Amino acid sequence: MPTPSILVFDVNETLLAIDSLAPLFGDVFGDRRVLREWFNQLILYSMTATLSDHYVDFFTLGPSVLRMLGAIHEVIVTDDDIERLREGFRTMPPHPEVVDGLNRLHEEGLRLVSLTNSPHRPGTPTPLENAGLANFFEQQLSVDASHAFKPAPVVYRHACRQLGASPTDCMMVAAHHWDLLGARNTGFSTALITRPGNAPVGALPQPDIVAKDLLEFAAHLKRDG
């Protein structure tokens with residue numbers, strides 16, 4: 001595997017800890033584990049919106065999926081719950097090792113960019129800015145510009161155009177195998193960060209690197225380089 005010159009990072013769960021949203025789901029549903037059900041349904045419907053050409057942004061879709069789960073579980077989801085979800089999704093903290101991991105990768109002279117399903121709202125700090133991570137990245141890219149969600153190939157191709165780079169220059173780094181499959185299909189190399197609740201699917205093309213966190217990923221990349 002050639003050493004990439006650009007690392008393209010997923011944001012939600014890869015860098016930022018979505019488990020910080022669990023108290024909301026405990027309060028609304030009486031079970032914090034419904035967070036995973038919500039997130040999985042959010043990804044399912046983001047892909048469905050892309051395939052059916054009915055794009056709405058992540059911050060619009062997420063609350064709608066929460067209300068859907070309220071109907072399924074027969075609980076009331078209030079406007080305050082929706083606002084709490086939106087605020088929580090914008091202000092998730094980084095995983096504990098992320099700052100040290102990004103520092104090591106930056107010191108290796110690699111270009112770091114982010115590519116997220118979340119939209120950028122003018123005049124509103126991005127989740128990476130709120131988490132104190134924005135300075136690590138030369139660009140924060142969003143799928144919103146393509147009106148399609150990952151893993152649609154158009155998203156990764158748009159990122160390459162924005163970066164003035166070839167797909168073979170880029171490695172996608174994500175906690176989700178489905179994200180990496182889209183990037184691989186476009187010509188990226190790939191790295192899976194196995195955050196809790198995530199693992200590769202054996203029947204599908206495998207990531208080039210599998211690591212438990214960014215520090216292990218940085219060590220693996222340096223060793224291979």
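**Cavities**

On a 1 Å grid over the protein atoms alone, a cavity is a set of points where a 1.4 Å probe fits but cannot get out, and lining residues have an atom within 4 Å of a point. Grid points are joined across faces, edges and corners, and a volume is the space filled by probe spheres set on the points. This is a predicted model: local features need pLDDT of at least 70, side-chain atom pairs count only at pLDDT 80 or more, and totals for chains, interfaces and linings use all residues. Residues are numbered from 1 along each chain as its sequence is written, and side-chain values use heavy atoms, without hydrogens and water.

The rule gives four cavities of 30 Å³ or more. The largest cavity holds about 50 Å³. Its lining includes Trp38, Leu42, Phe58 and Arg86. Helix α3 gives the largest share of that lining, four residues. Helices are DSSP runs (H or I, at least four residues), numbered from the N terminus.

**Two domains**

The chain is divided into domain 1 (6-17 + 93-221) and domain 2 (18-90). These bounds come from an automatic or database domain assignment. The C-alpha centres of the two domains lie 22 Å apart.

**The interface**

About 1,700 Å² is buried between domain 1 and domain 2, and carbon and sulfur atoms give 63% of this area. Buried area is the accessible area (1.4 Å probe) that two parts lose on being put together, summed over both.

Two salt bridges cross the interface of domain 1 and domain 2. A salt bridge needs a side-chain nitrogen of Lys or Arg within 4 Å of a carboxyl oxygen of Asp or Glu. Arg36 forms a salt bridge with Glu13, with the closest N and O atoms 2.6 Å apart.

Key
1 Å grid on protein atoms, 1.4 Å probe; cavity = no way out; pocket = protein on both sides within 12 Å on 5 of 7 lines; lining within 4 Å. Helix = DSSP H or I, 4+ residues; strand = E, 2+ residues; numbered from the N terminus.
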